[in-house]
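Subject: Structure for you to look at

Dear colleague,

I am passing on a structure that will be new to you, with some notes on what was found in it. Please look through it before reading on.

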Amino acid sequence: MNRPLKRLGFLTIGLFDPASPREGHESTLRLIEHGERLGLDSAWLRHRHLQHGISSPVAVLAAATQRTSRIDLGTAVTPLGWENPLRLAEDWATVDVLSGGRLNPGVSVGPPMRWDDVKGALYPDTADVEDLTYTRVERLLGHLRGEPTSPFEGTVGIETFSRQVQPQAAGLAERVWYGAGSLRSVAFAASQGLNLLTSSVLTGVRAEPGEEPDFAALQAEQVRAFRAAHPAGEAARVSQGLVVIPTDSASPEQARRYAEYAASRLERTRSPQGPGGLLFAPDLVGPSEELAERLAAHAAFAEVEEVAFALPFTFGEADLVQILTDYATRLGPLLGWSPAR
């Protein structure tokens, strides 16, 4: 079924020069501000631990709350293997209060990337017994929903203590998203009443030699399975995160680089990669009219009303500004979207 596009956002990782990290973070904040001026609905940050990208989206989004007034702010996604659910709940609630209820945090579970390299520093005494499963999400949701965190509530001397995480941010738990790439994760997200973040990667895909799996059809199957199992049914929120690069206002040099970028990543889309069976979607590059036609023919895009297109990680600020501008002024309207004001 084709659904009109109601919400249009973007995702970035905020690269920076390790010799001058402030400028990269400021560039990301400027991009979020630009997105709000354009009328885009959401801006999402992706974690990059021990890399030259934003390692603390919650801190950057706290800054963004003070430089924006309308645009939703999200993480896509926070890997909970790096986090203590209680402390993260406090941070998220604080940022949500500062934003006026605009935080849309996304999460995932499992061992952190390069687990064997980081576990000794991350969990020096407990790495072998840490629960990195879906239970970590359930703990986080409990804190956000106001379930008791401590058995004690009362006053000791001049200090007053609460059983619940403070502050309590009304509605935040209903704005948590799960980043799922497999049917198993989709089923878990639905069982918890979470929103679903899909991306340009599927996991656990298997194919016979020479077979090219249909990414769009597989992702559409996941979206339909999610809604079928979700308490909200067809009203359950799903956002898609393909890499989409319009070239309408790009210079010839930019358009050339964008095409080369997509071509360099095309081979990995032909078959599942590695032991995890990762299947990547092709990047979409071209004029907005062409992109709109390709998206209309994409089986999973036809199932969603929200997107957070992923911006290429290695492009410069001027490139990203051009892409966002084309989203808002060219591609979005062709998809039936209208800017928020």
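This is a predicted model: local features need pLDDT of at least 70, side-chain atom pairs count only at pLDDT 80 or more; totals for chains, interfaces and linings use all residues.

The largest nonpolar core has 85 residues, and those with the most contacts inside it are Phe10, Ile32, Leu40, Tyr178 and Tyr327; such a core is a set of buried Ala, Val, Leu, Ile, Met, Phe, Trp, Tyr and Cys residues joined through side-chain atoms within 4.5 Å, where buried means under 20% relative accessible area with a 1.4 Å probe, protein chains only.

Residues are numbered from 1 along each chain as its sequence is written, and side-chain values use heavy atoms, with hydrogens and water left out.

Leaving aside neighbours within four places in sequence, Ile32 is in contact (heavy atoms within 4.5 Å) with residues including Phe10, Ala43, Leu45 and Leu61. A second, separate core of six residues includes Trp82, Trp115, Val118 and Tyr123.

Thr198 lies in the loop between strand E8 (195-197) and strand E9 (201-202), and Thr198 is buried, with a relative accessible area of 6%. Not counting residues up to four places away in sequence, Thr198 touches Ala180, Gln219, Val223, Val238, Ser239, Gln240 and Gly241.

With best wishes

Definitions and conventions. Buried means under 20% relative accessible area, exposed over 50%, partly exposed in between (1.4 Å probe, protein chains only). Helices (H or I, at least four residues) and strands (E, at least two) are DSSP runs, numbered from the N terminus.
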